[in-house]
Amino acid sequence: MKELLNIKNLYVQYNTDEAVVHAVNGVDLIVHRGEAMGLVGETGAGKTTTALGILNILPEQVGEITEGDIVYDGKNVLNMSKKELQAMRGKQVSMIFQDPMTSLNPIITVGNQIDEMLLLHFKELTKEQRAQKVDDILKLVGIPAERKHEYPFQFSGGMKQRIGIAIALVCQPDLLIADEPTTALDVTIQAQILQLMKQLKRELGTALIMITHDLGIVAELCDNVSVMYAGEIVETGTVEDIYQRIENHPYTTGLFNCIPKLDSNEKRLTPIAGYMVDPTDLPKGCKFHDRCPYVTDRCGRENPKAYQNGTHKIKCFRYESWGEGDSI
Amino acid sequence: MSKPVIKTKNLTKYFKTPRGLLHAVESVNLTIEEGKTIGVVGESGCGKTTLGRVITRLEEATSGEVYLEGKEILGLKGSAKRNIYHDIQMIFQDPYSSLNPRLSLGDIIADPIETMGERMSKKDLHELVLSLMDTVGLPPRYYNQYPHELDGGRRQRVGLARALALDPKFIVCDEPVSALDVSIQAQILNLLMDLQEEKKLAYMFITHNLFVVKHISHNIMVMYMGQVVELAEKNELFAHPSHPYTKALLAAIPQPDLSSRGKNRELLAGEVSSPIEPKPGCRFSPRCPYASEKCRAGEIPLKEIAPNHYCVCTLFSN
Amino acid sequence: MTKKKNDKKGSSTGGRKSMSQMGLIWLRFRKNKLAVIGLVGIVIMILICFTSPLYISWDRVVTQDLLITNQPPSVQYPFGTDQFGRDLFARVLRGGVYSLSSGFIVMMGALVLGLIFGSIAGYFGGMVDIVIMRLMDVFMSVPNLLMAMTLIVVFGQGITSLWLALALSSFPALARTVRSAIMTTRSAEYVDAAHIYGASTTKILVKHILPNCIGPVVISATIMLGSTILGIAGMGFLGIGIASPTPEWGTILSEVKDVIRFYPYLGIIPGTAIALSVIFVNFMGDGLRDALDPRMKK
């Protein structure tokens with residue numbers, strides 16, 4: 001598969017009035033054409049920040065990329081002009097958001113909102129051709145084309161998220177970034193949306209970065225997984241590498257253990273000890289060492305490199321025997 | 001069978017809306033025993049939160065009865081009404097809006113005691129607050145801190161300490177871990193279960209998360225658009241889900257393992273509509289793959305289809 | 001500046017010093033230069049005006065001396081004298097006592113009325129809310145100045161009726177702010193929690209709801225203060241405010257309006273006093289808004 005996105009050693013910080021928040025701390029991430037990558041982690045892990053970096057839409061003045069490169073299809077996003085960026089957003093890379101209520105414009109019909117994307121990126125199309133495309137994409141996401149004259153408030157939550165997906169996909173981007181697209185939805189509706197995304201992935205071959213805190217969604221939808229903690233990717237590999245649960249980063253193991261099982265009757269859960277590290281005051285060494293059951297003296301002094309075994313990379317000294325791999 | 005702490009009888013709550021009566025909770029009968037947890041699951045708009053708010057009298061019920069240790073409480077007024085809160089408490093969903101941002105943690109936890117508890121000296125009160133903080137795993141150094149200085153998990157511990165301040169017998173837990181990260185969620189669930197064991201607390205645990213409800217509950221009640229559709233012991237429910245909605249709900253959860261990869265699952269079509277002036281019969285029937293004329297004919301009786309397993313569905317009413 | 005930076009680091013990372021919301025608000029307020037200028041400016045104006053009775057006697061304020069009319073500013077008369085030979089320096093400083101204190105009194109009056117009506121409407125809702133708010137609408141549909149003039153006619157001219165008139169004509173706007181703030185706060189989960197440990201309505205309102213509504217209310221009250229100071233000056237200028245010879249900035253302006261063309265300093269000085277006080281108060285209001293509601297910034 002051809003490489004589509006290559007993030008190299010990315011550092012992002014937010015400069016707020018009170019402190020400097022170190023949101024992303026040296027992330028390397030490669031996404032190939034047609035691949036579905038799950039980006040998993042808890043609140044404050046830097047998942048969304050990484051995604052905003054790809055589109056170069058970090059909040060102005062506050063968010064700052066201090067180091068690293070983001071190469072999309074051979075071009076560095078960080079060096080692109082305003083025009084190039086606008087051309088890329090929506091046409092080559094698009095994004096769907098957690099809350100479908102706030103990402104749609106309430107006073108424009110959904111058909112026109114989809115049409116707007118086409119107007120922006122396909123100036124050569126005639127009005128009829130655009131209308132045809134709008135109808136097609138609506139049908140594809142499971143909304144009758146006649147409903148394109150309606151306004152967002154006339155749709156339910158799940159339907160709104162389908163419209164969000166339609167807007168994101170109408171220009172047939174090569175990469176779709178989905179930021180917790182089902183978190184605001186009920187489980188039965190979530191199942192419908194996941195099904196739709198699976199089908200679209202098959203039919204359109206769009207590469208996908210799925211940002212989520214839900215390990216179940218990744219298992220269902222993704223080919224590869226990267227687990228983030230405190231702004232770093234601590235483990236990456238294929239879904240099999242990670243979900244076989246033979247060799248994992250202690251944080252990943254911790255995440256799995258936190259989820260109650262449906263098929264067993266354990267009395268107590270095994271939570272991860274302690275709390276999320278403060279991103280304004282990151283510890284030295286491995287960011288997870290304060291909470292890790294396998295901590296050694298070395299973990300507090302030195303940040304482990306990524307150790308690699310085939311497709312599976314883990315940033316933890318316990319896997320040093322694998323040998324150093326490319327950074328993650 | 002241990003002692004029932006809370007019992008409801010035909011508990012019903014309708015809201016007046018401009019478009020008609022919204023049937024939020026329709027004739028719910030349930031019993032919660034000492035030291036036990038009943039989990040209430042369902043999707044948004046199923047009435048689970050309203051049920052909790054009616055039992056705690058944050059909302060006044062339209063009809064029906066609630067018994068606290070055998071005594072009816074919905075008819076109580078004035079100080080008799082306030083006195084139920086010695087035994088009934090609640091913890092809330094949003095760890096950010098559930099604590100008064102102007103008060104320090106010590107003041108937040110002390111407030112219920114100052115309002116309703118025994119009169120005591122400042123020093124005793126301080127001691128009591130510290131011991132409550134200790135119970136929920138908050139070190140004393142947080143005493144003078146303010147809510148905005150804490151993360152969600154610790155805030156939720158404060159909410160729990162506040163609920164425990166009056167030494168209640170029954171706590172309504174309204175989505176208490178939904179806003180928390182999984183690693184923190186597990187800590188709070190463990191804490192809730194430890195406290196239950198130690199203090200013989202009865203919980204009504206309201207959630208949309210089936211993993212969580214399976215873990216913490218003894219019995220589980222499934223609601224759909226204000227109606228109870230199924231009620232059973234938890235292992236029985238997960239082993240033999242009987243109502244078509246329960247089945248769909250269980251099938252919809254993405255499992256954090258490779259078992260369901262690549263498989264296409266049976267999907268429930270459509271979405272929840274609003275229970276304003278609903279048609280008679282089963283409100284799930286428009287989405288139900290097994291729906292027949294019988295389902296829309298009228299009220300469907302609750303049927304015990306296995307020991308301690310109740311279901312409201314025409315498939316079982318013969 | 002460097003010192004400040006160190007401060008910041010210390011509080012966010014090091015000793016985890018606990019900070020109340022008020023502390024945080026003050027920290028944010030301090031960072032806004034204009035707001036600090038406004039606060040310092042208005043405090044200095046208040047200090048100067050309110051200490052003036054210590055060294056400026058009432059005689060000096062009102063004594064007319066036709067031998068020294070229309071003197072330009074000099075060492076003896078820093079602001080010059082008016083057409084009646086009165087010391088303008090003494091009049092402006094002592095006048096500030098009336099202008100500024102009237103501004104504060106009217107604002108406080110409006111605040112109290114606004115809090116009472118707004119809280120009742122917001123907390124109880126329903127019919128009570130409808131009746132109160134429609135009443136406010138009626139109040140608000142009459143122009144402020146017209147309303148105040150009418151009320152003065154009804155109550156009779158005098159400083160108390162001026163206060164009353166201005167407070168009555170400006171409180172409905174505050175009542176609206178209070179009401180909407182209360183309506184949002186009323187549904188907070190900590191208010192539910194307080195119900196569930198049996199807190200009384202008064203306690204819930206006073207301890208849990210009102211303190212959390214303070215933000216928007218303080219902001220509108222401060223911004224209103226600017227317009228009340230202007231309103232008082234305006235009424236003085238129209239001759240229905242604080243009556244001559246009592247010095248009040250608007251009254252002073254009105255007295256000299258016929259000779260301003262020849263002796264512009266007579267108008268410029270009290271005019272500047274009015275303008276400065278209003279600008280300072282408004283700077284402070286803007287700063288408070290940013291400090292109380294950080295989301296509004298940027």
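Residues are in contact if their C-beta atoms, placed from the backbone, lie within 7 Å. This model is predicted: local features need pLDDT of at least 70 and side-chain atom pairs count only at pLDDT 80 or more, while totals for chains, interfaces and linings use all residues. Residues are numbered from 1 along each chain as its sequence is written, and chains are lettered from A and ligands numbered from 1 in the order in which they are written.

**View of helices α6 and α7 in chain A.** Helix α6 (residues 157-169) of chain A packs with α7(A), and their axes come within 10 Å. Helices (H or I, at least four residues) and strands (E, at least two) are DSSP runs, numbered from the N terminus. The axes of α6(A) and α7(A) cross at roughly 20 degrees. Axes are lines fitted to C-alpha atoms, for helices over the stretch in contact, with angles from 0 to 180 degrees between N-to-C directions. α6(A) and α7(A) are therefore roughly parallel to each other. Roughly parallel is under 35 degrees, roughly antiparallel over 145, roughly perpendicular 65 to 115, and the rest oblique. The crossing of α6(A) past α7(A) is right-handed. Right-handed has the near helix turned clockwise from the far one by less than a right angle, left-handed anticlockwise. From α6(A) come Gly157(A), Gly158(A), Gln161(A), Arg162(A), Ile165(A) and Leu169(A). They meet Ile189(A), Gln192(A), Ile193(A), Leu196(A), Leu200(A) and Leu204(A) in α7(A). The contact of α6(A) with α7(A) has 7 nonpolar, 4 polar and 1 charged residues. Ala, Val, Leu, Ile, Met, Phe, Trp, Tyr, Cys and Pro count as nonpolar, Asp, Glu, Lys and Arg as charged, and the others, Gly among them, as polar.

**View of the contact between chains A and B.** Chain A puts 36 residues into this contact, and chain B puts in 33 residues. On the side of chain A that touches chain B, the elements giving two or more residues are α7 (187-204), α8 (215-221), α9 (239-243) and α10 (250-258). α7(A) gives the most, with 8 residues. That side of chain A divides into 20 nonpolar, 10 polar and 6 charged residues.

**View of α7(A) against helix α9 of chain B.** Here α7(A) packs on helix α9 (residues 244-252) of chain B. The angle is about 50 degrees, and the axes are 8 Å apart. That makes α7(A) oblique to α9(B). Their crossing is left-handed. α7(A) brings Val187(A), Thr188(A), Gln190(A) and Ala191(A) to the contact. α9(B) brings Ala248(B), Leu249(B) and Ala252(B). The contact of α7(A) with α9(B) holds 5 nonpolar, 2 polar and no charged residues.

**View of the contact between chains B and C.** In this pair, 24 residues of chain B contact 17 residues of chain C. On the side of chain B that touches chain C, β6 (88-91) and α3 (105-116) are the elements that give two or more residues. α3(B) gives the most, with 4 residues. By class, that side of chain B has 10 nonpolar, 8 polar and 6 charged residues.

**View of chain C and its helix α8.** Chain C has 13 helices and 0 strands. Its C-alpha trace spans about 75 × 55 × 35 Å along its principal axes. Helix α8 (residues 159-186) of chain C has 28 residues. At 1.5 Å a residue (times one less than the number of residues), α8(C) should span 40 Å. Its end C-alpha atoms are 38 Å apart, which agrees. α8(C) bends by about 40 degrees at Phe171(C), where the bend is the angle between axes fitted to the seven residues ending there and the seven starting there. A proline, Pro172(C), follows within four residues.

**View of helices α3 and α13 in chain C.** Helix α3 (residues 33-51) and helix α13 (residues 265-292) of chain C cross at roughly 140 degrees, and their axes come within 7 Å. That makes α3(C) oblique to α13(C). α3(C) passes α13(C) in a left-handed crossing. The residues in contact on α3(C) include Leu34(C), Ile37(C), Gly41(C) and Met45(C). Those on α13(C) include Leu276(C), Phe280(C), Met284(C) and Gly287(C). By class, the contact of α3(C) with α13(C) has 11 nonpolar, 4 polar and 1 charged residues.

Technical notes
Contact = placed C-beta atoms within 7 Å.
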